Amino acid sequence: MKQFLLLRMKLLSFLKTHKIQIILGIILLAAAFFRLYRISDYLTFLGDEGRDMVIAKGILEGHFTLLGPRASAGDFYTGPIYYYMMAPFVWLFHYDPVGPAVMVALLSVATVWLIYFIGKKFFHIYAVLLACSLYAVSPLVITYAQFSWNPNPMPFFTLLLLYLLYKAVKQQSCKLFILSGLLYGLVLQLHYIETFTGVIILLFVILGNYVLKLKQSFLALGKHYLEILLGFLLGLSPFLLFEVRHDFLNSKSILHFIFYGDSHAANLTHIPFLQTISDVFFRLFGYLIFSFPAPKVTPHLPQIVAVIFAAVVVLITFIALYCLRFMKDKLLLLLIVLWLVVGVGLFGFYHKPIYDYYLAFMFPLPFLIFANFFSVFVESKKFQPILKSIVVIIFISAFIYALVRSPLQYPPNNQKGQMKSIADFVISKTDNQPFNFALLTKGNSDDAYRYFMDIDGHKAVPIDNQIDDPKRTTVTNQLLVVCEDLSCKPLGNPLFNVAAFGRAKIAGEWNYSYVKVYRLVHY
């Protein structure tokens with residue numbers, strides 16, 4: 001009996017001493033569950049993901065690249081860093097596309113820990129844990145943490161970058177300024193929306209000087225910018241090497257896009273500046289903190305419910321923003337305000353659709369703002385029971401609704417399995433002979449199918465243009481066509497892979513899964 005009581009006392013003592021670490025551990029485990037549960041079934045695997053896997057596989061085979069994915073905004077490309085991030089996970093998971101998706105999920109879990117690590121230095125520890133809990137279950141965050149895509153690691157690396165920059169300005173550290181620049185050179189390769197972060201960096205260094213009352217000369221400030229530039233050039237060096245070798249092809253395209261816009265003018269939205277930034281502002285807090293349903297879901301709510309819900313979101317958000325004035329660390333306050341104002345404000349000048357993943361570089365921001373909000377209410381000496389009750393009500397309501405809106409409530413898309421199954425079916429119709437391949441679709445590319453064919457040892461022969469292949473040696477005796485649109489007609493289709501095959505007739509057609517497969521031979 002005494003031994004039992006002694007063991008019980010030791011256990012209670014351990015729990016009391018390590019309760020923060022235990023709570024954090026539970027939060028991290030929950031975050032991992034929501035991101036990794038059946039990730040192989042939930043992950044998105046279409047053309048972009050297939051293309052990335054092909055290139056990452058090529059890196060492992062010694063075919064190194066200095067260029068990354070094509071930017072969605074214009075006719076230019078990002079740097080290659082994401083492909084090199086993918087490669088080790090492609091190898092670890094034996095070329096299964098789930099590997100890079102696991103990498104993204106783990107970085108998202110690490111972001112929860114990073115919010116805790118940074119937040120505990122400035123806010124009440126329990127307020128930070130509440131904010132971490134909301135990030136762990138946020139449906140929008142989870143959605144972009146379940147598959148491999150170059151913008152998806154932005155929350156972790158942007159938060160780490162801005163924290164290092166904060167430390168660099170606080171400590172006036174040459175090493176940290178260079179490290180911040182290096183990290184920014186890497187982050188910019190994930191997505192060009194990180195140019196917004198570049199503006200934050202430029203403003204924070206000079207304004208931080210005034211907040212800290214350092215009264216540095218322009219020469220000293222210029223030195224800090226040069227240190228950041230040095231690190232930036234190192235981080236961006238693979239991309240810059242490509243530019244030097246190719247007459248700055250991407251840089252010219254980027255400058256053309258900045259000064260003349262996108263040639264695809266049909267994509268322009270022409271939404272007024274204030275309407276755009278108010279929309280982005282609401283999405284940043286409404287979607288991330290309160291799991292407010294997206295427009296395609298909102299109509300299913302009664303109008304009065306949606307209006308009241310939106311009004312509550314705006315009210316609580318403005319109270320949280322007002323609480324920033326109580327933040328003790330004014331340098332951190334400056335960073336958060338710049339992150340919010342610049343991050344939201346610059347979207348007002350963007351005249352194309354703003355997708356949710358564009359906000360990924362700001363994903364951690366509202367949770368830090370609410371960590372401060374919870375902290376102010378918890379630490380307040382006036383009306384403490386009432387204010388603590390308000391914090392508990394807001395947190396429990398947001399947390400439970402996030403669970404209700406979790407992506408895991410929906411059945412998995414099983415895209416990876418479908419792509420592999422269709423690729424295997426196509427291979428089965430080739431009689432183990434060389435073949436060309438084409439995909440007829442309204443919004444996909446054939447890379448995902450080609451990837452599975454490649455790793456299965458039945459690589460489709462790509463057809464070269466007639467200039468590079470005047471003898472048409474890359475044209476085989478059969479063309480396998482997958483139609484994702486069941487009403488498509490492969491004969492006479494203007495798609496290059498079909499047209500370059502030449503005059504053909506249908507030698508076989510099959511309905512399989514959600515597609516139709518055709519086998520064409522020369523007529």
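Guide: Buried means under 20% relative accessible area, exposed over 50% and partly exposed in between, with a 1.4 Å probe and protein chains only. The model is predicted: local features need pLDDT of at least 70, side-chain atom pairs count only at pLDDT 80 or more, and totals for chains, interfaces and linings use all residues. Residues are numbered from 1 along each chain as its sequence is written, and side-chain values use heavy atoms, with hydrogens and water left out.

Visitor: Which residues are buried in α15?

Guide: Helices (H or I, at least four residues) and strands (E, at least two) are DSSP runs, numbered from the N terminus. Helix α15 covers residues 273-286. Its buried residues are Thr276, Ile277, Val280, Phe281, Phe282, Arg283, Leu284, Phe285 and Gly286.

Visitor: Against which helices do the buried residues of α15 pack?

Guide: Packing is judged here by contact, which means heavy atoms within 4.5 Å. By that criterion, the partners of the buried residues of α15 are α16 (303-322), α17 (330-345) and α18 (365-379).

Visitor: How many aromatic pairs does a search of the whole structure find?

Guide: Rings of Phe, Tyr and Trp (its six-membered ring) pair if their centres lie within 6.5 Å; planes under 30 degrees apart count as stacked, over 60 as edge-to-face and the rest as tilted. Applied to the whole structure, the search gives 40 aromatic pairs.

Visitor: Why do the rings of Phe425 and Trp510 count as edge-to-face?

Guide: A pair of aromatic rings is described by the distance of the centres and the angle of the planes. The ring centres of Phe425 and Trp510 are 6.2 Å apart and the planes stand at 80°, so the pair is edge-to-face.

Visitor: How many residues apart in sequence are the parts that the pair of Phe425 and Trp510 ties together?

Guide: Phe425 is buried, with a relative accessible area of 14%, whereas Trp510, at 25% relative accessibility, counts as partly exposed. Phe425 belongs to helix α20 (residues 415-428) and Trp510 to strand β3, so the parts tied together are 85 residues apart in sequence.

Visitor: Which residues form one aromatic cluster?

Guide: Two of the members, Phe281 and Phe285, are also among the buried residues of α15.

Visitor: What is the phi of Lys213?

Guide: Most residues other than glycine have a negative phi, and most peptide bonds are trans. Lys213 sits in the loop between α11 (195-211) and α12 (218-235) and is exposed, with a relative accessible area of 69%. Although Lys213 is not a glycine, its phi is positive, at about 55°.

Visitor: Where is Gln172 found?

Guide: Gln172 is a residue other than glycine with a positive phi, near 50°. At 25% relative accessibility, Gln172 counts as partly exposed. Its place is the loop between α9 (154-171) and α10 (174-187).

Visitor: With which residues is Leu403 in contact, leaving aside its neighbours within four places in sequence?

Guide: Leu403 is located in helix α19 (residues 384-404) and is partly exposed, with a relative accessible area of 35%. The C-alpha atoms of Leu403 and Ser291 are separated by 9.2 Å, although these residues are 112 residues apart along the chain. Leaving aside neighbours within four places in sequence, the contacts of Leu403 are Phe34 and Val137.

Note on methods:
The expected span of a helix is 1.5 Å times one less than its number of residues.
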